Amino acid sequence: MPFTSSSLEEISLADRERLARMVREQPTVTREAWNEQVKLFEKVGRDTESSLPFWRRFWKSRA
Amino acid sequence: MNQVELPAGFGQTRGSEHEVWFASDGRVIKATHPGEFGRLFGPDRFATLDQYLERIRLTVELFGLDWQIHGLHGSGRNTRVVTSQPIFLGKPATRQEIADFMLERRFVLHRTRFGDVWYRSEDNVLVADAEPKNVVHGVAGLAPIDVIVCRPSEELLQLSAITLPSS
């Protein structure tokens with residue numbers, strides 16, 4: 001847990017820098033790579049279980 | 001807010017909140033569905049324009065996502081908010097990775113009547129929809145690209161039975 005003794009401001013700053021680094025360090029984003037990624041995310045995209053109340057998840061799991 | 005055009009044609013993907021287009025500068029253009037401004041956690045499932053703009057502001061401030069507001073498209077019942085954000089190449093994060101990410105940032109998971117939600121009492125921040133479809137696992141860890149962030153009212157916390165830690 002690297003953030004254990006960090007302030008919330010320090011955590012946010014570290015995340016901001018990390019995301020900027022991710023954009024810089026990743027391969028150039030092409031339309032083809034994006035299309036592949038869209039497919040990957042659409043596979044999990046219909047899973048909205050966390051937005052269901054527990055009782056609906058319960059009945060869904062029993063169905 | 002200024003009026004802006006949308007990219008030509010349909011977006012490459014549509015979610016429950018946004019239509020999304022690839023932009024050649026390594027970013028995506030996102031537009032809310034006409035007359036909608038995304039979702040909310042709690043009994044009111046649809047956000048107002050102000051709530052949506054607050055969500056963007058908090059996502060930028062707290063998670064460091066470069067989510068930029070371009071403007072509005074259309075008017076009245078067809079109004080859409082047009083924004084952009086960087087594309088993070090990667091795969092959907094797993095539920096365990098998301099849980100570790102949130103716990104590391106001192107959020108606590110609450111299972112409520114409105115669904116699961118992460119809450120941090122230190123600065124009164126609530127994060128909903130932290131699902132694999134909304135978090136990318138990229139080259140340097142996780143990037144929350146479409147979670148729902150808000151500062152909940154005391155009433156919403158009570159309705160959700162989210163209890164604050166006793167001091």
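Guide: Start with a term. Helices and strands here are DSSP runs, numbered from the N terminus; a helix has at least four residues and a strand at least two. Also, this is a predicted model.

Visitor: Okay. Where is B:N124, then?

Guide: B:N124 is in the loop between β8 (115-120) and β9 (125-128) of chain B. Its phi is near 50°. That is a positive value in a residue other than glycine.

Visitor: What about B:A161: where is that?

Guide: B:A161 is in the segment after α3 (154-159) of chain B. Phi is positive there too, near 55°. B:A161 counts as exposed, because it has 11 C-beta neighbours inside 10 Å.

Visitor: New topic. What is chain A made of?

Guide: Chain A has three helices and zero strands. From the N terminus on, the elements run α-α-α. Of its 63 residues, 14% count as buried.

Visitor: Where in chain A is confidence lowest?

Guide: In helix α3 (residues 54-62) of chain A, with a mean pLDDT of 57. Confidence is highest in α1(A), at 96. Chain A averages 80, and 67% of the residues score at least 70.

Visitor: What should I do where pLDDT is low?

Guide: Where pLDDT is low, the predicted coordinates should not be read in detail.

Visitor: How many residues of chain A are in contact with chain B?

Guide: There are 34 residues of chain A in contact with 34 residues of chain B. Two elements give two or more residues each to chain A's side: α1 (8-25) and α2 (31-44) of chain A. α1(A) gives the most, with eleven residues.

Visitor: What classes of residue are on that side?

Guide: The side of chain A that touches chain B has 18 nonpolar, eight polar and eight charged residues.

Visitor: Now the inside. How many residues does the largest nonpolar core have?

Guide: It has 44 residues. Those with the most contacts inside it are B:F41, B:L126, B:V127, B:V135, B:A143 and B:I148. The largest share of this core comes from β9(B), with four residues.

Visitor: Pick one. What is B:I148 in contact with?

Guide: Leave aside its neighbours within four places in sequence. Then B:I148 is in contact with B:R39, B:L40, B:F41, B:R55, B:V127, B:A128 and B:D129.

Visitor: Let's do sheets. What is the order of the open sheet of three strands?

Guide: The order is β6-β10-β11 in chain B, with antiparallel pairing. The edge strands are β6 (91-92) and β11 (141-144) of chain B, and each pairs on one side only.

Visitor: How many bridges join β10 to β11(B)?

Guide: Four bridges join β10 (residues 135-138) of chain B to β11(B). B:H137 stands opposite B:L142 in β11(B).

Visitor: And what joins β7(B) to β8(B)?

Guide: A hairpin, through two residues. Five bridges join β7 (residues 108-112) of chain B to β8(B), and the two strands run antiparallel. B:R111 stands opposite B:D116 in β8(B).

How values were computed:
Residues numbered from 1 in each chain as written. Chains lettered and ligands numbered in written order. Predicted model: local features only at pLDDT ≥ 70, side-chain atom pairs only at ≥ 80, totals over all residues. Contact = placed C-beta atoms within 7 Å. Nonpolar A, V, L, I, M, F, W, Y, C, P; charged D, E, K, R; others polar. Buried ≥ 20, exposed ≤ 12 C-beta atoms within 10 Å, placed from the backbone. Core = buried A, V, L, I, M, F, W, Y, C linked by C-beta atoms within 7 Å. Pairing = 2+ DSSP bridges. pLDDT = per-residue confidence, 0-100.
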